[in-house]
Amino acid sequence: LACLDVLGINTLKQGDTYFSVLTGNTTVLGEGSAFSAHSPIDGAKLSTFNNATAAQLDKVNAELKDAFKVLRTIPAPRRGELVRRIGDEARKYKNELAQVISLEAGKITPEALGEVQEWIDVCDFAVGQSRMLHGLSIVSERPGHRMMEQWQPLGPVAVITAFNFPMAVWAWNTMLGLVCGDPVLLKPSEKAPLCALAMYQIAQNVIADMPDIPKAAVSVMIGDRDLGEAIAASETFPLVSATGSTVMGRAVAKTVAGRLGRSLLELGGNNAMIVSKSADLDLALRAIVFSAAGTAGQRCTTLRRLITHESVVDGLVASLAKSYGSLRVGNPLVDGNLVGPLIDERSFDSMQAALETAKKQGGDVICGGERVTENVPTGGFYVKPAIVHIAHDAPIVHEETFAPILYVLTYSTFEEAIEIQNEVPQGLSSAVFTESMREAELFMAPAGSDCGIANVNIGTSGAEIGGAFGGEKETGGGRESGSDAWRNYMRRTTNTVNYGGDLPLAQGIVFE
Ligand code: NAD
């Protein structure tokens, strides 16, 4: 655990208990019940915290409001400089940060390094954006008038994150939020609290050298669902960005809407790939294995449904089963292992339950699903990724099971394939493998995929930060990261300026 010392996380505690409230000014223990986080690698205890409470949130809220008053007046390019330096600091500690991700989320080293790289990339993106918070100039219908719109800082933003992308999701929100002038409070998953402390420490190292930046601009509170609920209910946050299960998103959306706040939701996916009869099957095979078995099936964009043309299904499934047979499952910190552990026993149990249900619903398990106990650390829940041949309308296929189960479905016409792709309640990521321009275009057209992400000849997972990331339907409708997602973190004002000597009213109204 040397990485924790190098990152300075081990200074953020009292005795054996880590601080749960960290605002730059205040670092204190939580006042709620104690909990421990364990590594999925071997079940070892990594950390102990006390849950931060709603009463503690009230105090933090005051600090965040004060920080906002300062941050909103600092020129955006200077806020960009803050983010540039945070990116440099993340570059410096990339290996240690990746180790913390592996320890808490169980990611193999290359994927953990990729997640830190995503943080670094979004810093670069946000630095550029800090000089491009552009509004429009609009012609007025009135003589002697001019109109424009401006984008202004919004206020303190709360970010509630899931265990599986403990750094990237915070970075998408926080790096853009900071350049937009918003202090950001993170409530991480209770399964990955040390990642939150590592990010906090990196940002505070930078803020220590920038006395004009309010320290609470990057704050963290560690706590459970109760704390998440208190954050959603708090008027302090005009925006609550929440990533996690659809059940969580529904609860947050309802609470935030109840006080007419904005929520930015990134929820569950049930991602599909259509493999057409014209597909380059070698390319498809590689994309399927990474998308379906990578990260042990624990990405929101993990490939869960393979919609295969009936003429290619047998050959493709045979090749897939062969590839799955050679996938190395084991300790994510060991070079060459490609599939790490599931996050915990509960996740293993829900995978087993889904496989049982699939069988009852007519599914045929082609390979995988069993627990791996040899050549893996004891105490972790390692599994062989599973492939199940099943009907597209079996109810279990329409649910997200957060584990490596790939359902193989078949189709005969391309229109039918698109219908199958769209028939689930989730709408995050989708892909088609085809050499037919017509099929590719149809897939991306209005009557094609209904997802937020629709790819051609690449898999469903592994998005770049430059695009807007998110999905439709039960995935929540939010868009984060690239494109114009920065607008989420700002409020728009429309300004009409009269430089004439008269007062004409809009729509030609005469009022005299
Ligand atoms: P989860 O829903 O169990 O927890 C996510 C976060 O929400 C945690 O911080 C948790 O404490 C908090 N939370 C739970 N209930 C809450 C409530 N009622 N009010 C406020 N906060 C609450 O999710 P998880 O198991 O950590 O992550 C897996 C899920 O996240 C999967 O469904 C996956 O698809 C989804 N996910 C989506 C995206 C995306 O971008 N769409 C990215 C990553 C993960």
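**View 1. Glu266 in strand E13 of the predicted model.** Glu266 lies within strand E13, which spans residues 262-266. The unreviewed UniProt entry lists Glu266 under "active site". The residue is classed as buried because 29 other C-beta atoms lie within 10 Å, the threshold for that class being 20 or more. When neighbours within four places in sequence are left aside, the contacts of Glu266 are Thr243, Gly470, Gly476, Gly478 and Glu480.

**View 2. The shell of residues around the ligand.** The shell consists of 29 residues, of which Ala162, Gly228, Gly244, Glu266 and Cys300 come nearest to the ligand. Two elements, helix H8 (225-233) and helix H9 (246-258), each give two or more residues to the shell. Helix H8 supplies the largest share, with four residues. By residue class, the shell comprises twelve nonpolar, ten polar and seven charged residues.

**View 3. The largest nonpolar core.** This core contains 152 residues. The members that touch the most other members are Cys123, Met167, Ala198, Val240, Met273 and Leu306. Helix H7, covering residues 193-208, gives the most to the core, with ten residues. Apart from this core lies another, of six residues, including Leu428, Cys451, Ile453 and Ala463. In soluble globular proteins, nonpolar side chains tend to be buried together.

**View 4. The surroundings of Leu306.** Leu306 is one of the residues of the largest nonpolar core that touch the most other members. With residues up to four places away in sequence not counted, Leu306 touches Met273, Val275 and Ile288, together with Leu406, Tyr407, Val408 and Leu409. Met273 is likewise listed among the core residues that touch the most other members.

**View 5. Pairing of strand E19 with strands E16 and E20.** Strand E19 (residues 386-389) pairs with strand E16 (residues 364-367) in the antiparallel sense, over three bridges. In this pairing, Asp364 stands opposite His389 of E19. Strand E19 is also joined to strand E20 (residues 405-411), here by four bridges and in the parallel sense. Val388 stands opposite Tyr407 in E20.

Notes
Residues numbered from 1 in each chain as written. Predicted model: local features only at pLDDT ≥ 70, side-chain atom pairs only at ≥ 80, totals over all residues. Core = buried A, V, L, I, M, F, W, Y, C linked by C-beta atoms within 7 Å. Buried ≥ 20, exposed ≤ 12 C-beta atoms within 10 Å, placed from the backbone. Contact = placed C-beta atoms within 7 Å. UniProt positions renumbered as here; feature names shortened; annotations may be inferred. Near = placed C-beta within 6 Å. Nonpolar A, V, L, I, M, F, W, Y, C, P; charged D, E, K, R; others polar. Pairing = 2+ DSSP bridges.
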